[in-house]
2 protein chains.
Amino acid sequence: VTRSERATARIAVDLLGGDFAPDVVVDGALRAIGADPDLHLHLVGPRRAADGVLAALPAGDRDRVSVTLALGAAGMADGAVRAVRPDTTVRTAISAVACGRADGVVSAGSSAGVVTAAVVLLGRAHGQRKPALAVDLPGRDRPVMLLDVGACVDGGSALLVSHALLGARYARANRVAEPRVGLLSIGTERGKGDRLRRVTDTALRSTRWPVGTRYVGLVEPGDVALGGPADVVATDGFTGNILLKGIEGAYALAGRRPRDAAPPAALLLGVGGTVVVCHGAADAEDLAAGIALAARTHRMAVVARLDAGPTDVEDPE
Amino acid sequence: VTRSERATARIAVDLLGGDFAPDVVVDGALRAIGADPDLHLHLVGPRRAADGVLAALPAGDRDRVSVTLALGAAGMADGAVRAVRPDTTVRTAISAVACGRADGVVSAGSSAGVVTAAVVLLGRAHGQRKPALAVDLPGRDRPVMLLDVGACVDGGSALLVSHALLGARYARANRVAEPRVGLLSIGTERGKGDRLRRVTDTALRSTRWPVGTRYVGLVEPGDVALGGPADVVATDGFTGNILLKGIEGAYALAGRRPRDAAPPAALLLGVGGTVVVCHGAADAEDLAAGIALAARTHRMAVVARLDAGPTDVEDPE
């Protein structure tokens with residue numbers, strides 16, 4: 001653990017995001033503070049929930065928590081527009097990042113709402129027209145990053161290519177020295193998949209990749225669940241969300257999560273700040289893991305390093 | 001168990017289909033014969049593999065096996081056209097159904113090849129323009145049928161609607177008295193999902209459903225893995241295949257399949273005969289389960305009863 005990895009991280013937390021807010025968020029915030037002595041939290045929500053966190057903390061830890069009151073919840077059925085209204089917790093929490101009061105933000109609210117508010121308040125970054133939600137899934141040997149898992153559901157081939165490049169750069173910023181990038185499809189032979197996959201596979205074969213990065217072609221869902229041929233797997237937000245939720249459902253039915261399974265917290269790539277989205281049904285442990293992910297991402301300066309970006313590219317094969 | 005469920009079933013088996021053919025197919029055929037005294041197998045493949053089955057059987061069971069020699073394998077990378085050449089095992093096996101020598105057929109070959117050969121040789125049926133591959137997945141309380149899991153990867157909204165209707169009729173023919181039909185998406189609220197889902201959801205709401213059948217709206221992948229709101233879940237073949245393989249991969253990583261997990265054998269609906277497709281990596285147990293599924297489907301006259309079809313429809317709500 002290097003010095004920078006222990007640096008203070010100030011993470012804004014949306015107390016009203018998710019199906020079981022604010023209770024599980026309060027509990028998750030407490031767990032996160034307990035686990036990381038250099039973590040500061042900026043709680044955004046109603047007074048009572050914020051007081052719930054403060055009251056449960058030892059007196060010496062209370063100065064690690066600041067509070068901004070906000071009362072508007074943006075529910076799953078509200079649509080993305082609701083999230084950007086001035087009074088919502090999600091907007092207020094993301095604003096804390098935009099104005100430099102926080103280093104990152106975590107919400108278990110509607111991902112459409114978080115994505116929209118993040119784009120509006122933090123702006124697009126890293127040359128991305130549209131952001132992508134990325135998750136690290138456990139594999140047998142090493143994790144696999146899957147993106148997009150739901151930020152953009154109606155993208156075409158150009159968006160998939162830009163997300164694949166974003167994923168590759170993220171993987172490098174996140175210490176994968178030579179990321180292997182794959183495209184999710186239903187078979188590994190060329191030509192397998194629907195029209196979008198066939199067009200995108202061809203485009204990715206002629207893409208100029210950053211030095212050290214390699215496109216390995218089509219990969220199957222089992223290669224995402226188990227790991228193997230690729231470190232980064234790109235797909236459209238609809239398919240990625242389907243796959244992610246299917247894997248989660250299977251673990252639930254099997255009654256067993258694999259060892260070290262990363263909880264379902266997603267990092268929003270392509271916006272000008274560190275934004276973590278937990279899923280709506282997240283429990284306290286998931287929230288704490290989401291806060292830890294935001295802190296780690298800030299400490300590794302991942303978002304800033306994404307922009308070190310694509311000057312060093314290799315010619316396609 | 002009624003009399004008809006014990007009736008003889010004559011199932012053609014493609015000895016050269018799948019990654020581990022013919023060995024696992026030979027083993028699977030032996031298991032199937034051992035488990036079902038009223039099963040007859042029509043083996044299609046090279047002499048040596050067929051002899052492997054015959055040699056391992058007790059003398060008294062050998063008259064339950066017939067053989068047609070064929071030597072052409074249609075591999076995963078060969079494309080669908082290869083499968084319909086006259087010398088392939090998959091074509092020869094499906095032909096046995098077409099000419100009445102067999103009551104159903106099982107192949108672990110390329111599903112694109114099996115689907116193409118089945119459409120060519122058995123014809124379209126049940127008013128379907130394009131067939132669908134359907135799997136029964138285990139749920140917490142009762143199984144969930146997911147279709148299409150890979151027969152048609154580039155369909156639009158009209159195809160999804162016709163597949164949803166086909167699934168509903170299949171469920172009724174398969175003893176679900178009042179099937180609840182859902183559309184796979186990434187959220188359950190109206191409007192969730194990509195463009196294809198939004199258009200199809202609207203179309204399904206104004207569809208005339210068979211009596212007793214009900215459209216329950218959008219369902220999520222967890223509802224497929226765990227079961228719950230729907231007995232039949234419709235999706236496009238690309239997404240369905242992704243979800244199916246993701247769930248399988250998750251079970252593999254978790255090191256545990258749920259109790260009674262149906263092995264991954266899919267029934268091809270919408271063609272004029274009983275066709276079961278096992279996945280390419282199927283083992284002997286999977287093949288035996290596929291053969292049992294074909295026999296059960298024949299005995300329940302599911303394919304014939306699908307045509308009892310859609311005269312009895314209800315008005316949409």
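Two strands count as paired if DSSP finds at least two bridges between them, and the elements themselves are DSSP runs numbered from the N terminus, with helices being H or I of at least four residues and strands E of at least two.

Before going further, a word on the model: it is predicted, so local features need pLDDT of at least 70 and side-chain atom pairs count only at pLDDT 80 or more, while totals for chains, interfaces and linings use all residues. Residues are numbered from 1 along each chain as its sequence is written, chains are lettered from A and ligands numbered from 1 in the order in which they are written, and side-chain values use heavy atoms, leaving out hydrogens and water.

Buried stands for under 20% relative accessible area, exposed for over 50%, and partly exposed for what lies in between (1.4 Å probe, protein chains only).

Next come the charged pairs. Over all chains, the structure holds 26 salt bridges, each being a side-chain nitrogen of Lys or Arg within 4 Å of a carboxyl oxygen of Asp or Glu. One of them links A:D154 and B:R198, whose closest N and O atoms are 3.1 Å apart. A:D154 sits in the loop between β6 (144-147) and α6 (157-173) of chain A and B:R198 in helix α7 (residues 195-205) of chain B, so this pair joins two chains. Both ends are partly exposed, A:D154 with a relative accessible area of 30% and B:R198 with 32%.

Another salt bridge, at 2.9 Å from N to O, brings together B:D231 and B:R180. B:D231 is in the loop between α8 (221-225) and β9 (232-234) of chain B, and B:R180 is in strand β7 (residues 180-184) of chain B, so the pair ties together parts that are 51 residues apart in sequence. B:D231 is buried at 5% relative accessibility, and B:R180 is buried at 19%. In chain A, salt bridges with shared partners connect A:R142, A:R180 and A:D231 into one network. B:R197 and B:D194 form a salt bridge too, with the closest N and O atoms 2.8 Å apart, and both residues are buried.

A:R124 belongs to the loop between α5 (111-122) and β5 (132-137) of chain A and counts as exposed at 56% relative accessibility.

Finally, there are two cis peptide bonds to point out. The bond from A:A21 to A:P22 is cis, with omega near -5 degrees, and A:P22 lies in the loop between β1 and α1 (23-35) of chain A. The bond from B:L147 to B:D148 is also cis, with omega near -5 degrees; B:D148 is in the loop between β6 (144-147) and α6 (157-173) of chain B.
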